[in-house]
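Biologist: Could you walk me through this structure? I am new to this, so please take it slowly.

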Protein chains: 2
Amino acid sequence: SKHELLLAATYIEDARSGWKLSLHFDPSPRNLSYYLAFRSAWGKYLLYLVLAVHMALALFEEPALRTLQVNYLYPACVELFCVAFYVYRCLHLLSFTSHGWFWKDVKNLAVISVILLTIIDIVVFMGMKETGAVGGVRWSRPLRPLLMINIPESRQIRRAWRSVSRTLPDVAGTMVLFVLNLLLFALMAYKLFGSRGLKYANGRPYFSTYQDSVFDLYVLVTTANSPDVMMPALNASPPMFLFFVVFVLISLYLFMNVILAVIYNSYRKHLKKDVQTAVAARRLLMSRAFSLLGRGGAVLRDDYVRVMAVLRPEHGTQLVDILWRVLDPHGDGMLGERDLYQLADLLNVRVTEVKDRVTLLERLFPSCFNSRPAVLVRRVVRQRPFRLFFDLLIVVNAITIAVDADQAEWAFLAAFILEILLKMYAFGFREFFDKLWNMFDFVVIGGAFLISVVRASTGLQGNTLVLDVLLLFRCLRVVKLMDSVAIFRAVLRTIASFSRSIVTYGGVLFCVFYFFALIGMELFADRVMWAPFRPGRPTDCGDRLLKDTDFSRLQYCANNFNSLPAALAVLFELMVVNQWHVLADGYAAVTTQWARLYFVAFHLCCVVLLLNIFTAFILEAFILEF
Amino acid sequence: SKHELLLAATYIEDARSGWKLSLHFDPSPRNLSYYLAFRSAWGKYLLYLVLAVHMALALFEEPALRTLQVNYLYPACVELFCVAFYVYRCLHLLSFTSHGWFWKDVKNLAVISVILLTIIDIVVFMGMKETGAVGGVRWSRPLRPLLMINIPESRQIRRAWRSVSRTLPDVAGTMVLFVLNLLLFALMAYKLFGSRGLKYANGRPYFSTYQDSVFDLYVLVTTANSPDVMMPALNASPPMFLFFVVFVLISLYLFMNVILAVIYNSYRKHLKKDVQTAVAARRLLMSRAFSLLGRGGAVLRDDYVRVMAVLRPEHGTQLVDILWRVLDPHGDGMLGERDLYQLADLLNVRVTEVKDRVTLLERLFPSCFNSRPAVLVRRVVRQRPFRLFFDLLIVVNAITIAVDADQAEWAFLAAFILEILLKMYAFGFREFFDKLWNMFDFVVIGGAFLISVVRASTGLQGNTLVLDVLLLFRCLRVVKLMDSVAIFRAVLRTIASFSRSIVTYGGVLFCVFYFFALIGMELFADRVMWAPFRPGRPTDCGDRLLKDTDFSRLQYCANNFNSLPAALAVLFELMVVNQWHVLADGYAAVTTQWARLYFVAFHLCCVVLLLNIFTAFILEAFILEF
Ligand code: NA
């Protein structure tokens, strides 16, 4: 029947794309149509849009950039609209799934909790604002990333997130051991150096309290205060240096590597389980599809054609036929359960139906296209020397860019445009744009050409943004060279092959950044004020407590939490780790010593855990690749 | 015959220990006896001693610590003695191995080259010194580590070294790609920022030349100048910050992880091959031993006993019997070739012959030992609460140490001594000292007791060295707690199980450090002079060119190359990476800009290559463990 066909197509499509939701509802026609509406592309993109708007609200909420500052009511109202949309999505989900599953699934509970907390938060905050009470805090805002992680559409991000959260118990023992090791060394350092009255080069007392000793040694494990932390001891008594050598060898080179190894091990273990779960779910979906389509233990060709018409209405008969032949290599006219399994994988393979190999030019001007000079040009373009010549030209161009020989630029641009045109002519548009490198070339050269023309025709000179973009476009030409060398190509292809997963980790990273940024904005907004950067003449960033600290000496006033972009920039700097203790000590100076905890927590979450898991991911991806 | 027995025993012993040299000579009685002399323990230890003396010469050669400075003739003469010893070892090796093998083996050629170069260097240097010529350089000194790597005795270090050198070709492509990426970003940065007239917080011009741009971005990949390198751009125009974000994401998080992944992959590949080679060599040795011992395709028990008497004269008949039973589980009285293979592994298992289970006290005072209170005490000691009580006591002691409650120390010391005595009494000396933790306890508590007694009896108060050691001994007690928690124990055991390999990597690291230290001493000795550390009042370290640089502001005068220990300390700081550009710029200021190359080369060799291989080793060790 039509319903069964649609249901089978849904199961197959879910097996292909990795959705597991269709396993969790009773497949009545009503439920199925609700589910298909839920899973539809417009629903997905609308949800992404609402999420993006919701996350972006932090740009307009206090503290905001001065140019983006609006009355608090606007973002609050927009947030209520977003929440209303989430409620609608939840109700939609609830309308077709079984209630038993819905209320047991942690993801749904998380979304509903965040929705409730957000509503409470907004109402309380509005109430406090309207009654003029002081100290209203929008405390639900850091929870927003939870929505991003827990919606059914973000399977990929959730998978990366799971690999983070499931690694935690495995690595906990090693982490605690590391902390104990740190506490012990801090005790020794405090006893060894604390009573000698030594000072750092900047005048700070040296290991004068136990808390400072713990913090300074933790910073040393992140290498951020090396070798400054060793200098007073080295100067007072050179053998004391050995204390730091032993500490660094054990804490940095041994423990940090062991933590990475434990994380890697745990990652591998869970990856295996993940793959097994995914395969099992796919099997289940495909066997359901089989039981719907199969007659007498096999799927007949007619049923296959009918389900493909529902599944891929855009596929031509030819393509459907080719797929059938792949699925049924023996040609006995029927598919067993195992044969059908392959369909889910097969649909993931990108197939281009080559409808016309004749290029546009050939069709329009056949005689000219097939004349001898034209054929010769096409042959030359396809040969190696042509490519080498333009590679050489790029190198020469890079040198002229480096030595500011701008007058040659038009010639180079013309040459590269000619290259593109020749290639288009020789390979045809379709084949030309099928290659990513050609696309890249087209954008970079075309962009540079456009900007140059606009500049020349309007006589713009001082517009730095246009100039900067043009300059970047010029420099980026060099990237094309990397495709010319075989080893580079191999490395780049490997990286490209897991670029999608890298983007997924970027999503997890964004969630962590957003969470910490909003907390940091609540804690530290307007504690450090921006001040003009004046090399050699430090300012106190609007707080006398920062006078004569490394924070003000290094002119870190721009590293503040006074808006979302600024906070994200600070967190990025913290992720790179270096000088994070200067930032931490700066914020500790203008608030309390407890402020250091925020920075340590971010380091542990982002660097020790997340970046190590990313390393584990790259390691495993490379091993699976080779 | 006796010779055949000795030869078989030699093959088996070589298969056990991993020597492969016995495969490379004609096994005549004369050659065999020479080989056994070459492989003997005294020969090995004498060689180690000579190597240690040779390496230590750098302490006395110029530049040396003032207290160790001697006339250049003394170290040169000692070095000649060392070289004479190496020549003797080479001749010894040549006396029994086949010449074809000797002159083809790269290791022997390396040793002979270093010997020749050292002799030439010494003669030339002495000649120049005696004739009063200036500028004599002992350029052969950095080659000394090659001796350490290439002697037949350092198989382990060579294996680690091989894993470094064989990784190079695999990682070269990625490294070149990384460098190109760096050069491209440097070009962009130079174009974007160079013409804006920006300055760093310390007044240095910002991306003002292409060379500086490359160096500054390379330093950023090592994270050492973050976020300082971003601050001028961030202050001048916040969106410029994105340039650094993109650069860091690609160069640090992507490329550095890919380099680690490539190194890890290469390490795994070569490890597999290494193991296969070692197994093949062992098989060959054991099959030779079998063909010597076997009669009619099997080794009889009598022959086994005879060869064991040569191989392990110290083993009792009981132990030899047990080993036989393991090798011949069916009890058919003969060993096949495969059975014999196991002997090589079996001999590596540490076996303790328990000759007497009766403790000393039991033998001396049997009635007292077996009285009811004595039995009760022994039972209590073996129980969990006893252990928990003393664990708690350690925690309390750690707190008293932290809060300087020194008056309680004698009580704690007495308690811990009592614990040790009770344990010795309950378990017997032998069983007590069989456990590493008990040994540790004995040394830490016994040492603290001894020092305390000496201090109390002689009334010493101001001796800081004694006090420091005592203090460290006190703090180290806490380490014992780690054995009490199961998770910690698991991690510590894993680490302990590959501690021997870690020491091997330490050997390779020492070779690299020694090499770079001696080159650094030739290049930079006495360019930076030590000056007293005066917090808040920078000095110029004896060179006006350093005035107002970060090097002098941070008071890095002690980071000089004026003696071997100082140079090693600087290299250690470079290995930890942070602030390495301040050191590099300091030495560039007092010499030339090319000095930066030395520091970059060390970073590439030590951090990018060696430390990543160490990480690969830890990763693989963990995977094989679990
Ligand atoms: Na650093």
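**A walk through the model**

Modeller: Chain A has 626 residues, and 50% of them count as buried. Please keep in mind as we go that this is a predicted model.

Biologist: What does the secondary structure of chain A come to?

Modeller: Chain A has 27 helices and two strands, and its C-alpha trace spans about 90 × 70 × 55 Å along the principal axes.

Biologist: Which domains is chain A divided into?

Modeller: The division gives domain 1 (20-151), domain 2 (163-273), domain 3 (278-346), domain 4 (360-484) and domain 5 (499-625).

Biologist: Now the metal. Which protein atoms are the donors of the sodium ion?

Modeller: The protein donors are OG1 of Thr223(A), OD1 of Asn578(A) and OD1 of Asn578(B), and they lie 2.6 to 3.2 Å from the sodium ion.

Biologist: Are Thr223(A) and Asn578(A) buried or exposed?

Modeller: Both Thr223(A) and Asn578(A) are buried. For Thr223(A) the relative accessible area is 16%, and it counts as buried because the cut-off is under 20%.

Biologist: What about the backbone of Thr223(A), what is its phi?

Modeller: Phi of Thr223(A) is positive, about 65°, although this residue is not a glycine. Val577(A), which is in the loop between H25 and H26 of chain A, is also not a glycine and has a positive phi near 80°. With a relative accessibility of 10%, Val577(A) counts as buried.

Biologist: You mentioned H25. How many residues of H25(B) are buried?

Modeller: In chain B that helix is mostly covered, with 11 of its 13 residues buried. Among them are Leu564(B), Val570(B), Phe572(B), Glu573(B) and Met575(B).

Biologist: And what should helix H25 of chain B span?

Modeller: At 1.5 Å a residue, the 13 residues of helix H25 (residues 564-576) of chain B should span 18 Å, and the end C-alpha atoms are 18 Å apart, which agrees.

Biologist: Let's go to the surface. Which residues form the nonpolar patch?

Modeller: The patch is formed by Trp42(A), Leu46(A), Leu49(A), Val53(A), Val78(A) and Tyr88(A), which together have about 540 Å² of accessible area. Helix H3 (41-56) and helix H4 (73-96) of chain A each supply at least two residues, and H3(A) gives the most, with four.

Biologist: Why does Leu49(A) count as exposed?

Modeller: Leu49(A), a residue of helix H3 of chain A, counts as exposed because its relative accessibility is 52%, and exposed means over 50%.

Biologist: One more thing: where is there a cis peptide bond in chain A?

Modeller: A cis peptide bond joins Glu62(A) and Pro63(A), with omega about -10°, and Pro63(A) is in the loop between H3 and H4 of chain A. In chain B, the peptide bond from Glu62(B) to Pro63(B) is cis, with omega near -10°, and Pro63(B) is in the loop between helix H3 (41-56) and helix H4 (73-96) of that chain.

Conventions. Residues are numbered from 1 along each chain as its sequence is written. Chains are lettered from A and ligands numbered from 1 in the order in which they are written. This is a predicted model: local features need pLDDT of at least 70, side-chain atom pairs count only at pLDDT 80 or more; totals for chains, interfaces and linings use all residues. Side-chain values use heavy atoms; hydrogens and water are left out. Domain bounds come from an automatic or database domain assignment. Donors are N, O and S atoms within 2.8 Å of the metal (3.2 Å for Na, K and Ca); water is not among the atoms, so sites may look incomplete. Buried means under 20% relative accessible area, exposed over 50%, partly exposed in between (1.4 Å probe, protein chains only). Patches are made of residues with over 30% relative accessible area and no salt bridge: like charges are joined within 9 Å, nonpolar side chains (Val, Leu, Ile, Met, Phe, Trp, Tyr) within 5 Å. Accessible areas come from the Shrake-Rupley method with a 1.4 Å probe; for residues, only the protein chains shown count as cover. A salt bridge is a side-chain nitrogen of Lys or Arg within 4 Å of a carboxyl oxygen of Asp or Glu. The expected span of a helix is 1.5 Å times one less than its number of residues.
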